[in-house]
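Grab the viewer and work through these exercises with the model open. Each one gives a task, then a solution in steps.

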Amino acid sequence: MTALAEHAPPPAPAPPGLAVFDMDGTLIPGTTACRQIGLAAGDVATVERLEREYRAGLIDSTAFADHCLTSWERAGDGLYRTAFAGCPKIGGLEEALARLRARSYVTCLITMSPRPFAELFDGFDHVFASTYPTDILDPEDKPLIVDRLRRRLGLRLDQVVAFGDADSDVPLFRALTRTVAVNSTPNLRELAAHHYDGDDIAHALRMVLPDEETEPAAAGRNRETGRTRPGPGVTAARREAGSGAEAVR
């Protein structure tokens, strides 16, 4: 053994947990990044039409992204910043991220929306988003990305907490036990361990990470109803998660 090896520092300990946040509808309530970009570009009607066609199965995510880019291309380089500045944002995010940092949690933002918009949210350790029009995330990618990241960090599934609002978060919530549905659809609310209605994500965080934790937060129990939802399912890998979609901040 060389002297260098003898004095090598020990490996860094694993963090206590990973906190995962959805963006559309969760951090930006009642809207999506694409709608906000469309508003800033002066053509929100096109985005709304494309969203209807996508939900109806008339176009796929690649066609959606391609048509959006065509609609936005004349708006200029400052489009994403203008859209971000004008969009509604849930309260308490800075406080929530500060509390997570104080507890050495790793934080992650995952969204199907465009990366240049998502990266304008400060304070996340990792951002996973779509690169329009060639690398588009979909709902099934979310649990794959989280599983890959938590394995890299050396974490168990019950050390991951997640926040979401819509049916696109269902695949991720099915894989986890510590979940909070934020101003959510009925389907996600039924699946989640907790649900929160309001405008302060720091309050939602306290449901899974109390200020003074007197009982294990990983129990998966809904403090409002006493309902404990079933344990995580097993997610089969569809493709290598996060390929070209991560920005480490």
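Let's start with pockets: on a 1 Å grid over the protein atoms alone, a pocket is an open set of points with protein on both sides within 12 Å along at least five of seven lines, and lining residues have an atom within 4 Å of a point. A volume is the space filled by probe spheres set on the points, with grid points joined across faces, edges and corners.

Some ground rules: this is a predicted model, where local features need pLDDT of at least 70, side-chain atom pairs count only at pLDDT 80 or more, and totals for chains, interfaces and linings use all residues. Residues are numbered from 1 along each chain as its sequence is written, and side-chain values use heavy atoms, leaving out hydrogens and water.

**Exercise 1.** Describe the largest pocket and its lining.

Step one, volume: the largest pocket holds about 680 Å³ of space. Step two, lining: 27 residues line the pocket, and D24, T32, E51, M112 and S168 lie nearest its centre. Step three, elements: α2 (33–41), α3, α4 and β2 (106–114) each give two or more residues to that lining. Here helices (H or I, at least four residues) and strands (E, at least two) are DSSP runs, numbered from the N terminus.

**Exercise 2.** Find the aromatic pairs in the whole structure, and classify the one made by Y54 and F64.

Step one, the rule: rings of Phe, Tyr and Trp (its six-membered ring) pair if their centres lie within 6.5 Å; planes under 30 degrees apart are stacked, over 60 edge-to-face, the rest tilted. Step two, the count: the search turns up seven pairs. Step three, the geometry: Y54 and F64 have ring centres 6.1 Å apart and planes at 55°, so they're tilted. Step four, the location: Y54 sits in helix α3 (residues 44–55) and F64 in helix α4 (residues 61–72), ten residues apart.

**Exercise 3.** How many disulfides does the structure hold?

Step one, the test: a disulfide needs two cysteine sulfur atoms within 2.5 Å. Step three, the total: zero disulfides.

Key:
On a 1 Å grid over the protein atoms alone, a cavity is a set of points where a 1.4 Å probe fits but cannot get out, and a pocket is an open set with protein on both sides within 12 Å along at least five of seven lines; lining residues have an atom within 4 Å of a point.
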